[in-house]
Amino acid sequence: MSSEALIRVEHLTRYYSGTCAVNDVSFELARGEVLGFLGPNGAGKSTTMQVISGNLAPSAGKISINGIDLLDQPKAAKAEIGYLPEQPPVYRELSVDEYLDYCARLNRIARKHRARAIDTARERCGLGEVRSRLIGNLSKGYQQRVGIAQAIIHTPSLVILDEPTVGLDPIQIREIRGLIRELGEDHGIILSTHILPEVQATCNRVQIIHRGKLVFSDSTECLEKDLNVTAFTVRFQQAPDITALQQIAGVDRVEALADGRFRIQHSASNPVDDLLEQAVSKHWRLSELTPERHTLEQIFIELTCSEEHAVTHGDAA
Amino acid sequence: MIFTIAGRELRSLFLSPLAWAILGVVQFIYAYLFLSQVETFMALQSRLATLDGAPGVVDIVVAPLFANAAVLLLLITPLITMRVLSEERRNRTLSLLFSAPISMTEIIVGKYLGVLSFILILIGMLALMPLSLLVGTDLDLGKLAAGLLGLTLVVSAFTAIGIFMSSLTEQPTVAAITTFGLLLLLWIIDWAGSSGAPASGLLAYLSVLHHYESLLKGLFSSVDVIYYLLITILFLGFSIRRLDADRLQH
């Protein structure tokens, strides 16, 4: 465990009236990392985020932010956190500028830096046009952006975003993802979502939580590698000899399955063209060709739908 | 930090029509009460002139005015305090305060001061009425000050109770009705025995009215002041505990 971890969560457990919402979750995050928190509804994503942002007290476990214990020194630790809850905590009766000013004061930004902090946050979230409008009159997407601006106004080292792209239109989603990547360069970011491509687009680490337990944790790079293992299944009505298939250029491995099916794993160069040519010339009578999809979605579904699953980290990929 | 929260609380009160409506209506009723009290004094004036040690303007005009003002504030305070925490809880904006580097005490005290300063504006406007009599006559300013102090202490206790009730619920109306109920109970609690036998000492001590009456007579006793301060601190403490419990909820 490196000592310069931005946030370190150890054996975090949280009970709600007897049910265990978060069960013994441990992880850490370094500066410059974007961590995606995935999980089905009710898996404990939001609870975890509420706990690490100081909105809920954990039943057991330890959280330290930049080496500061969240429970022992809540004020110092909270100064390092920006948090956007599921519902943006905005006051409808204030204008965007008034609201950001209030947030800047709450986060103890010194008077001389305040105007610049507000300007930066406003520009980063694209709120320039609506700065003097009442938040209550803004669309959901803009309210969401105001929520994000609020979370980054004091340039915290850790930004926690709970489903930041909910309710946004596709263009705004792209902008927000861009913003998250940009922020991720010099802050640590934890974001929760159940949109899987979002994780692949923005995060460099993924964690899947299911029924309060961390069931998967890996970097997206490793994940990509796994995802790039490509294979397809073919079925011939007159099955050829397995060696004939193995000799096709680009084929790594061939597995014979039942009913004249073969599972063919290949490397970067795709052997489908060659295979088809041979199938036609040698009359194998191809009747089926299915590329195998091995995506984050598959991992996600495998992990969260099976009743019994291994809880070891990373082995599911 | 406390003043940031207090300032925003006061500002957002004035951003809603409620604050202006309350100011307008209360001012109108105060003015009516004040003028009818002045009228009474005018009618009695000739007879008072013949008496030795007759009650002065402050006794006849100000004391009843302030007594009625407190009853009116008993009705108004729940309306002002009801949304302070319950609305934040309902709109899920409390997490903004929870994740900022501020303590629960700062949140509660800030909100308390914000609401209290609004009510003090109400009282300030009320105080202007008897002070306007200075143009034509002399006033017993000490007695007037005791009355104002009493009224301020009463509303500071009312506000603390209102904030506590608001911290208990998500529904502003529920907060208003429970606050009103508790305030009224504290107001009438010593009526129980007062019809026949003298009220029990404990009930009399608990009564808000009992302590207020002596201040209105110009009697400044530390027991009364401590009573109001105790209520204020007690309920603010309860509110802080309640907000803390939000994080611990099971």
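Mentor: Helix H11 (residues 296–305) of chain A lies across strand E3 (34–38), E9 and E10 of chain A, and its direction makes about 25 degrees with that of E9(A). Axes here are lines fitted to C-alpha atoms, for helices over the stretch in contact, with angles from 0 to 180 degrees between N-to-C directions. Helices (H or I, at least four residues) and strands (E, at least two) are DSSP runs numbered from the N terminus. The model is predicted: local features need pLDDT of at least 70, and side-chain atom pairs count only at pLDDT 80 or more, while totals for chains, interfaces and linings use all residues. Residues are numbered from 1 along each chain as its sequence is written, chains are lettered from A and ligands numbered from 1 in the order in which they are written.

The sheet under this helix is the part to look at. In chain A, six strands in the order E6-E7-E8-E3-E9-E10 form an open sheet with mixed pairing; two strands pair if DSSP finds at least two bridges between them. E6 and strand E10 (213–219) of chain A are the edge strands, each with a single partner, so one side of each has no neighbour in the sheet. Ignoring direction, neighbouring strands are turned by 15 degrees against each other on average. Strand E9 (residues 205–210) of chain A runs antiparallel to E10(A), and six bridges join the two. His210(A) has Lys213(A) of E10(A) as its bridge partner.

Chain A also has an open sheet of four strands, with the order E2-E1-E4-E5 and antiparallel pairing. Its edges are strand E2 (19–29) and strand E5 (68–69) of chain A; each has a single partner strand, so one side of each is left without a neighbour in the sheet. Strand E4 (residues 60–65) of chain A pairs with E5(A) in the antiparallel sense over two bridges, and Asp69(A) in E5(A) is the bridge partner of Ser64(A). Helix H1 (residues 45–52) of chain A packs on this sheet and touches E1, E2 and E4 of chain A. The direction of that helix makes about 120 degrees with that of E1(A).

The domains come next. Chain A is divided into domain 1 (1–80 + 156–220), domain 2 (87–155) and domain 3 (230–291), with bounds from an automatic or database domain assignment. The C-alpha centres of domains 1 and 2 of chain A lie 22 Å apart. Eleven residues of domain 1 of chain A are in contact (C-beta atoms, placed from the backbone, within 7 Å) with eleven residues of domain 2 of chain A. On the domain 1 side, strand E7 (158–162) and helix H6 (170–184) of chain A each supply at least two residues, and H6(A) has the largest share, with four. That side divides into seven nonpolar, two polar and two charged residues; Ala, Val, Leu, Ile, Met, Phe, Trp, Tyr, Cys and Pro count as nonpolar, Asp, Glu, Lys and Arg as charged, and the others, Gly among them, as polar.

Buried means 20 or more other C-beta atoms within 10 Å of the residue's own; exposed means 12 or fewer, and partly exposed lies in between, with C-beta atoms placed from the backbone. Among the buried residues of H3(A) are Val96(A), Tyr99(A) and Leu106(A). The buried residues of this helix pack against helix H4 (111–124) and helix H5 (140–152) of chain A, together with helix H1 (2–15) of chain B. H3(A) is followed by Arg108(A), with a positive phi near 55 degrees.

The chains meet through 25 residues of chain A and 18 of chain B. H3(A) gives the most to the chain A side, three residues, and that side holds 13 nonpolar, seven polar and five charged residues.

Key: Contact = placed C-beta atoms within 7 Å.
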